[in-house]
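Thanks for coming, everyone. Let me put the structure up, and then we can walk through it piece by piece.

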Amino acid sequence: MYLCTYEYEGKENVGIMIKDNVSIIPINKLIDESINDMNEFISMYSDKMVFLKKKVNEYSGNLISLNDVKIGSPIRYPRRDILCLGKNYKDHALEIKDFVKSKELIPKYPIYFTKRADRTIGTGDTILRHGQITNEIDYEVELAVIIGKDGIDIDKKDVEEYIFGYTIVNDVSARDIQRKHEQWFRGKSLQTFCPMGPYIVTKDEIPSPVALDIACKVNDELRQSSNTKNMIFDIPHIISEVSKGIELKTGDIIITGTPSGVGLGFNPPRYLKSGDKIECTIEKIGALINYME
């Protein structure tokens, strides 16, 4: 199923896109409980998706036209910092070799860090420039995995049980801040630096192993193009390893790295400018479109 957070008649709600992709079923038409946001929905219904899918198929009530709503970030307020993978595509690791000082060009072990995103933005929203502190804003299209239930020390063979679904995140990054502070957290955590969406696609729509075309365009120019099968460390490896000694919680978001073609990788670098349109796409999920302030 395709789940969204949308604004309609001044109110925000969770909904399900039906197969014609032009209509939404409000979640409160399908369930008895009151749902305030996507986090509550995942907590309450992650293990009841078969039941909910049956309700969707049987639904014959009123629909809301996609033309009448504003689609927002599916998880507007993440409960915890976003878990991130660095240098998880070989071609990207090589293109930034002069920026990231490391003895090994291709990591032998996953590189983890976190991104602060107390509020994410959705498709169509504006990325702020923060011109008083940065002049080098970059884009990174990434596949995001949404965790569906709490778990610690998860075995690789059991990882699928802990996944709720997938979405797109643009891991917007201020390269000059990264360089100045010699770490990634601050330069990736400025306000509006976490566009997400447009939908969460439940795991039943995307079989494992996950092999999806992934791309990013800037002003309709293709900059990034790859497939998630080219990750150095795949999703079972990532979730199993990061859960060793660390409890993953329902609603946690893990972004899995970006392929080559980021602005930093060009000579000279091609950072984002005011008015730029950034379109991140992943097969079977959709397009996440944002604009620079």
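Start at Pro-110. Pro-110 sits in the loop between helix H3 (90-95) and strand S7 (111-115). Helices here are DSSP runs of H or I with at least four residues, strands are runs of E with at least two, and both are numbered from the N terminus. A word on the source: this is a predicted model, where local features need pLDDT of at least 70, side-chain atom pairs count only at pLDDT 80 or more, and totals for chains, interfaces and linings use all residues. Residues are numbered from 1 along each chain as its sequence is written, and side-chain values use heavy atoms, with hydrogens and water left out.

Is Pro-110 buried or exposed? Buried, with a relative accessible area of 11%. Buried means under 20% relative accessible area, exposed means over 50%, and partly exposed is in between, using a 1.4 Å probe and protein chains only. Leaving aside neighbours within four places in sequence, Pro-110 is in contact with Leu-85, Phe-233, His-237 and Glu-241. Contact means heavy atoms within 4.5 Å. Pro-110 and Asn-88 are 22 residues apart in sequence, yet 7.3 Å apart in space, C-alpha to C-alpha.

Next, the cores. A nonpolar core is a set of buried Ala, Val, Leu, Ile, Met, Phe, Trp, Tyr and Cys residues joined through side-chain atoms within 4.5 Å. The largest one has 44 residues, and Leu-143, Tyr-166 and Ile-239 touch the most other members. Which elements supply at least two residues each? Among them are strand S6 (82-86), strand S10 (141-147), strand S11 (163-170) and helix H5 (235-242). Not counting residues up to four places away in sequence, Tyr-166 touches residues including Leu-143, Val-145, Tyr-199, Ile-206 and Ile-285. A second, separate core has 38 residues, including Phe-41, Ile-146, Trp-184 and Leu-264.

Stay with S11 for a moment. Asn-170 lies in this strand. Asn-170 is buried, at 1% relative accessible area.

A disulfide is a pair of cysteine sulfur atoms within 2.5 Å. The sulfur of Cys-194 is too far for a bond, because the closest cysteine sulfur, in Cys-84, is 7.9 Å away. Cys-280 is in no disulfide either, and the nearest cysteine sulfur, that of Cys-216, is 3.9 Å away. Cys-194 is buried at 2% relative accessibility, and Cys-280 is buried at 0%.

Now helix H1, residues 38-45. Met-38, Asn-39, Phe-41, Ile-42 and Tyr-45 are buried there. Seen down the axis, these buried residues fall within an arc of 165 degrees, so they line one face of H1. That arc is taken from the directions from the helix axis to the C-beta atoms. The buried residues of H1 pack against several elements, including strand S1 (2-8), strand S2 (11-17) and helix H2 (49-58). At the start of H1, a side-chain oxygen of Asp-37 comes within 3.2 Å of the backbone nitrogen of Asn-39.

Last, a sheet. This open sheet has five strands in the order S8-S18-S17-S14-S15, with mixed pairing. Two strands pair if DSSP finds at least two bridges between them. The edge strands, S8 (126-127) and S15 (221-227), each pair on one side only. S8 and S18 pair in the parallel sense over two bridges. Thr-126 has Tyr-291 in S18 as its bridge partner.

How values were computed:
A polar contact is a pair of N or O atoms within 3.5 Å; within protein, one must be able to donate a hydrogen and the other to accept it, and residues adjacent in sequence count only if both atoms are side-chain atoms.
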